[in-house]
Amino acid sequence: MGLALYRKYRPQAFNEITGQEHIKLTLERQVATGKVAHAYLFSGLRGTGKTSMARILAKAINCFDRTAKQQDSRTTTGEPCKQCESCKMITEGRALDVLEIDAASHTGVDNVRETIVETAKFAPTRFKYKVFIIDEAHMLSNSAWNALLKIMEEPPAHVIFILATTEAHKVPLTILSRCQRFDFHRIRPADMIERLKFIATAEKMKVTRPVLEEVARLAEGCVRDAESILEQLFSLGEKEINEEIASLILPRTSMPYALELLE
């Protein structure tokens with residue numbers, strides 16, 4: 001079984017992320033200058049790149065090749081090289097120093113103590129930083145937040161926390177005040193279309209512009225939704241997908257007629 005498109009084409013560097021220019025530029029400069037914060041909060045709509053950005057940040061700060069070049073004053077970029085052992089281990093999910101935790105299934109205080117608090121005390125096994133990526137962070141219980149707060153108040157120098165959430169208002173203020181917050185915006189239709197064109201070209205498929213525009217509209221700013229819809233279109237087995245073929249998958253809508261009537 002092949003990988004889903006959203007997994008196959010998951011961004012592996014800051015410049016591969018669709019949109020979110022304000023976040024990419026800030027994080028890349030922080031990495032390049034070595035001024036990385038100890039805690040981040042990524043908030044925004046689903047499918048806008050929060051988890052991907054967290055993984056790329058973890059990769060960039062631990063990239064062996066980038067760090068070596070930076071020490072030799074041969075680079076000022078914050079992009080990960082994607083080729084060194086560190087980058088490959090994080091990409092393949094084999095890095096022991098980068099822990100991804102699904103807060104939706106690890107909501108209790110015991111999970112936080114065992115998985116984060118106790119683990120954070122030990123130095124990284126191979127990397128410079130030990131990174132904890134907590135997805136759906138708003139699902140943590142109050143007692144779990146209190147346990148996490150204790151270590152976030154005075155974190156070890158080798159630990160970085162990245163919290164990702166779709167509901168930032170549920171994160172306690174005591175946690176928010178200790179994080180650098182970045183709000184992810186919906187992806188603009190023009191950027192979404194370019195992303196879909198890139199995937200279609202990579203998959204050697206031809207998709208007409210009106211179809212791409214309709215997919216981008218239906219996705220409502222969510223890249224993952226757009227890629228899932230595109231994958232459904234590819235499953236039809238046609239090498240060229242026009243509006244007539246796409247109508248078999250895409251829901252019919254009278255929106256163009258409604259807009260014409262309003263005009």
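Helices (H or I, at least four residues) and strands (E, at least two) are DSSP runs, numbered from the N terminus. This is a predicted model, where local features need pLDDT of at least 70, side-chain atom pairs count only at pLDDT 80 or more, and totals for chains, interfaces and linings use all residues. Residues are numbered from 1 along each chain as its sequence is written, and side-chain values use heavy atoms, with hydrogens and water left out.

**Stop 1: the sheet.** Color the strands. You're looking at an open sheet of five, in the order β2-β3-β4-β1-β5, with parallel pairing. β2 and β5 (180–184) are the edge strands, each pairing on one side only. From one strand to the next, the twist averages 15° (axes are lines fitted to C-alpha atoms, for helices over the stretch in contact, and angles run from 0 to 180 degrees between N-to-C directions).

**Stop 2: strand β3.** Select residues 130–135. Is this strand mostly buried or exposed? Five of its six residues are buried, so β3 is largely enclosed by the rest of the structure. Buried here is under 20% relative accessible area, exposed over 50%, partly exposed in between (1.4 Å probe, protein chains only).

**Stop 3: the neighbors of β3.** Click V98 and you'll find its bridge partner in β3, V131. To get from β3 to β4, the chain crosses through helix α7 (residues 142–153), a right-handed β-α-β crossover. Right-handed means that, with the strands pointing away from the viewer, the path from the first strand over the helix to the second runs clockwise.

**Stop 4: helix α6.** Select residues 109–120; together with β2 and β3, α6 makes a right-handed β-α-β unit.

**Stop 5: the lining of a cavity.** Show I101, H106, N111, V112, T115, I116, I134 and L140, which line the largest cavity (on a 1 Å grid over the protein atoms alone, a set of points where a 1.4 Å probe fits but cannot get out; lining residues have an atom within 4 Å of a point). The largest share, four residues, comes from α6.

Key:
Pairing = 2+ DSSP bridges. 1 Å grid on protein atoms, 1.4 Å probe; cavity = no way out; pocket = protein on both sides within 12 Å on 5 of 7 lines; lining within 4 Å.
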